[in-house]
Structure formats: C-alpha cells, structure tokens
Amino acid sequence: MTLSIVTLSYNTLDLILECVGSLQKLYKAELENKIVEIIVVDNASKTETVEGVEKELGGLPGVKLIKSQENLGFGRGCNLGAENAKGDFVLFLNSDTKTSDRGFLEMTEFLKSNPKVGVLGGKLKNFDGSPQASVGKFYNLFNFFVMLFGLEKFGFLRSSPGDVCKVDWVSGACMMVNKSIFEKIGGFDKIFFMYIEDMELCYRAKKQNYLTYYYPKVSVFHKEQGSSNRTFAVVNIYKGLLYFYKIHKSRLEYNIVKVSLKTKALGVYLLGKITNNSYYISTYGQALEIFK
C-alpha cells in the first residue's frame, strides 16, 4: 500500500463526512485497489457522532474506523492512526478540510525521490480560495516575540509560498510523512494535546538530519479552528510553547518565554477586567492557570 490518510474525529460529524467524502470521490479506484486507505480515528466522541460515522463510513472500501476510549488529542490520535497504517507514507489531514485534487499521490512520488525529506506539507486554502498560512519558521526567541506581539498574522513567520521549497515546519492540517522516518524520530510527542506539535515534530526531524519541504502542487481547503475554538487554541499554544522551550532550549530561554507569556496573559486579563471583555477574561484567566 502506498498511502494511508489519517484524520481525527471529535464530535464533528458533518466535517468528517465532508472530508472523507471528498477523498472517496478523488481516490475511488485507489481505495478499492488497496493503494490508498483512509483511517478515521475517533477521539471518544459523543455516541451520536460515533454512530453517525459508523453508519456513513463503516464498510466502505478502503476506510477504517478506530475508536479510542479517550480523547487523545491531535498528536496521540495521529500516532494511533499511524500505528494502524499499512501505507509506506502517512498523510495527517484535519477533519475540517476538503480536498480538491489528486496531488497526494504526487506527494508520495516526491518523497520516494527525496529520501532525506521526512516531512512534506501541502498548500492550504481558505474556503473562499485565498491562500492560508501553510508553513512557518521555528520559534527562536526573536520569532517568539514576533508571535507574542501579534505580528505573525502579517506574514513575518507564517506564509504560503508559491514554489516547492525547503522550510522549517509545515502545518499539521496537511502533513505527509515517510512512515519509517516518522517511527524513527518517535512520532508526535505525546505531551502535546493540540497545537505546536507539528512544529516540534519538524524541529525534531531536523535534529536527526531529515528535511521538511513544502509542496504547493496540492490544494486543500481548510476551515481554521473548525474543530476547536479560540480560547482552547490560546491556552494550548501557551502550554505547547512552554513545553517546546523546556525540552529543546536553554534554561534561560525557557524562563524568558515563561515570564513573557505570563506577563502578556496578565496584561490582557486585566484589560479584560477594565473593559468588561468576557473573552479576554475567560481566555487569559485560563492561560494564567498554567503558571500556578
């Protein structure tokens, strides 16, 4: 088998059905001939979601459903899917995506021809067709402060290049890996629940002399935070950044990041109190709990 496509489901029945449905139309022959398989990992969704997925997807050619008894988060859920994958290459694809072309098979050919490339990302688009940030730069201290002050959204760290190129890291929303290399570097770090784990995987791959490339010849429509919310994202990005700096950077850098994140959280929380902004109060109040 050439390719295993792993996607996670967590109480997002409509999203997962649209995601898998788009793949079935594009790869019908490959699914039937066992060249491609789709693995849906359900992260302990509500009963009606699980029953809906089983009803709509159960028994379809090339589609496998794995039901977890707990919500494993993104990284551990993807690891579970990869463990059950039969393909030489594994594509991690968000459930809030819709695929519009057959470029994933071209991505496998690129990886076959470039054995030192361990991770390959595809081009993400918003549903209106506009480009979405698909690659990023590693968070050294300078880049961390660019992100902290909200400048990331202006394209300083995240971008959507037009050509095939080597990059620091690619979005986990559409990330293909050579399965043997993925296993060699240890898969996604199980400590991350969601967010930052894609960047950390590419960072670890680089430390083991594997490359990360971006391949814009495949387009995937992606609904950002379609399977989460802003508060959840902020809190888990805080946790992820702290953990990343703890395991990969110096003690001094870790402390600088810790103090900076706490200072920002406290400042925005107080601003929320002054302006009666419930989002700031709730989100950054939860962020402050991380430091207790």
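## Salt bridges

Glu289 is partly exposed, with a relative accessible area of 46%, on a scale where buried means under 20%, exposed over 50% and partly exposed in between (1.4 Å probe, protein chains only). Its side chain meets that of Lys292 in a salt bridge with an N to O distance of 2.9 Å, a salt bridge being a side-chain nitrogen of Lys or Arg within 4 Å of a carboxyl oxygen of Asp or Glu. Lys292 counts as exposed, at 77% relative accessibility. This is a predicted model, in which local features need pLDDT of at least 70 and side-chain atom pairs count only at pLDDT 80 or more, whereas totals for chains, interfaces and linings use all residues. Residues are numbered from 1 along each chain as its sequence is written, and side-chain values use heavy atoms, with hydrogens and water left out.

A search of the whole structure finds nine salt bridges. Among them, Glu54 and Lys67 meet at 2.7 Å, N to O; this pair links distant parts of the chain, 13 residues apart, with Glu54 in helix H3 (residues 47-57) and Lys67 in strand E3 (residues 63-68). Helices (H or I, at least four residues) and strands (E, at least two) are DSSP runs, numbered from the N terminus. Glu54 is partly exposed at 35%, and Lys67 is partly exposed at 45%. Another salt bridge joins the side chains of Glu70 and Arg76 at 3.6 Å, N to O, where Glu70 is partly exposed with a relative accessible area of 43% and Arg76 is partly exposed at 31%.

Strand E11 (residues 174-178) is largely enclosed by the rest of the structure, because five of its five residues are buried. Both of its faces are covered, with Cys174, Met176 and Asn178 buried on one side and Met175 and Val177 buried on the other.

E11 pairs with strand E4 (residues 89-93) in the antiparallel sense over five bridges, where two strands pair if DSSP finds at least two bridges between them. Within this pairing, Leu91 has Met176 of E11 as its bridge partner. Strand E6 (residues 117-125) also runs antiparallel to E11, joined to it by three bridges, and Gly121 has Met175 of E11 as its bridge partner.

## A three-stranded sheet

Three strands form an open antiparallel sheet in the order E8-E7-E10. Its edge strands are E8 and strand E10 (169-170), each of which pairs on one side only. Strand E7 (residues 135-136) is joined to E8 by two bridges in the antiparallel sense, and Arg158 in E8 is the bridge partner of Gly136.

## Backbone with positive phi

Most residues other than glycine have a negative phi, and most peptide bonds are trans. Tyr195 has a positive phi, near 85 degrees, and Ile196 also has a positive value, near 75 degrees. Tyr195 lies in the loop between helix H7 (179-184) and helix H8 (197-207), and Ile196 is found in the loop between H7 and H8. Tyr195 counts as buried at 19% relative accessibility, and Ile196 counts as buried at 10%.
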